[in-house]
Amino acid sequence: MSTTTLPADGSSTQTDKQAIPPVQMFYCGVCTFPLEYCEFGSSLSKCKEWLQAERPDLYERYYSDEALQAKLGTISLEAQKRLEKDTAKKEAKAEAKADAAKKKKLASQVVIKRIERNKRKFVTSVRGLEAFGVDLKKAAKLFAQRFATGGSVTKNAAGIDEIVVQGDVSQEIYDMIAEANEGADAGKGGKKGLDILKGVVVDNIEMVEEKKKKDGDS
């Protein structure tokens, strides 16, 4: 059986292990990837522009001539050209997709309809919010809570999902959407608590009224 002899003061003769500091990760403000992985995304040019403005020191580390030479030193000239071409093609494709999505969003329309069911009884339907990235179920719940009434997502006669809220609240819903997107053109956030409705283009909202047909109307 072996024994360990300690110094007279009782301290250990073994050198204390130094704690390893955590690795500091820096993420890109454009693609949100770690900087090492920006090149695998579809926005490398924008990533480089952002990094050069925000952290010139890190930009030099990753994209200076020396850094690129060290990285591409083992790659043939033909392979380098092919890599640059593929990257440019990927970025162009991503930009085209983003532009198409933006155009579709701007062309989309939200219809808020006041529907008369019976005498002095109304429901309000909202159609088209999903085109602006709004979660219909969450929006229906928000409306129901705000107006203390029923709210649900149903399919209309055309088979399209829409939100139906009990009561005549068409103007109030319009106002909520407007508040949620107040200052959007200036890059500012809308009113807190209405985040679910952010992103809707208020100018694309149409208010419609549907009255109950009277007996004898065709």
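Some ground rules first. Because the model is predicted, local features need pLDDT of at least 70 and side-chain atom pairs count only at pLDDT 80 or more, while totals for chains, interfaces and linings use all residues. Residues are numbered from 1 along each chain as its sequence is written, and side-chain values use heavy atoms, with hydrogens and water left out.

I will start with the sheet. Helices and strands here are DSSP runs, numbered from the N terminus, with at least four residues of H or I for a helix and at least two of E for a strand. Two strands pair if DSSP finds at least two bridges between them. The sheet is open, with five strands in the order β3-β4-β2-β1-β5 and mixed pairing. β3 (151-155) and β5 (205-210) are at the edges with a single partner strand each, so one side of each has no neighbour in the sheet. From one strand to the next, the twist averages 25°. For angles, axes are lines fitted to C-alpha atoms, for helices over the stretch in contact, and the angle runs from 0 to 180 degrees between N-to-C directions.

Now the pairings. β1 (residues 110-118) and β5 run parallel and are joined by six bridges; K113 has V208 in β5 as its bridge partner. β2 and β4 are antiparallel, over four bridges, and V126 is partnered with I163 in β4. β3 and β4 are also antiparallel, over five bridges, with K155 bridged to D161 in β4. β3 and β4 make a hairpin with five residues between them, and G159 in that turn has a positive phi of about 80°.

What lies across β2, β3 and β4? Helix α5 (residues 136-147) does, and it runs at about 10° to β4. Contact means heavy atoms within 4.5 Å.

Next, helix α1, residues 44-54. Its buried residues are L44, C47 and L51. E49 and A53 are exposed, on the face turned away from the buried side. Buried is under 20% relative accessible area, exposed is over 50%, and partly exposed is in between, with a 1.4 Å probe and protein chains only.

On to the rings. Rings of Phe, Tyr and Trp (its six-membered ring) pair if their centres lie within 6.5 Å; planes under 30 degrees apart are stacked, over 60 edge-to-face, and the rest tilted. That rule gives three aromatic pairs. In one of them, Y59 and Y63 are tilted, at 5.6 Å centre to centre and 45° between the planes. Both sit in helix α2 (residues 56-63), four residues apart, about one turn of the helix, and both are buried. Ring pairs link Y59, Y62 and Y63 into a cluster.

Two arginines lie over ring faces: R55 over F26, at 4.9 Å from the ring centre, and R114 over F122, at 4.0 Å. The test is NZ of Lys or CZ of Arg within 6 Å of the ring centre and within 35 degrees of the ring normal.

Last, S108. Where is S108 placed? It is in the loop between α4 (77-107) and β1. S108 counts as buried because its relative accessibility is 13%. Leaving aside residues up to four places away in sequence, S108 touches A131, F132 and N204.
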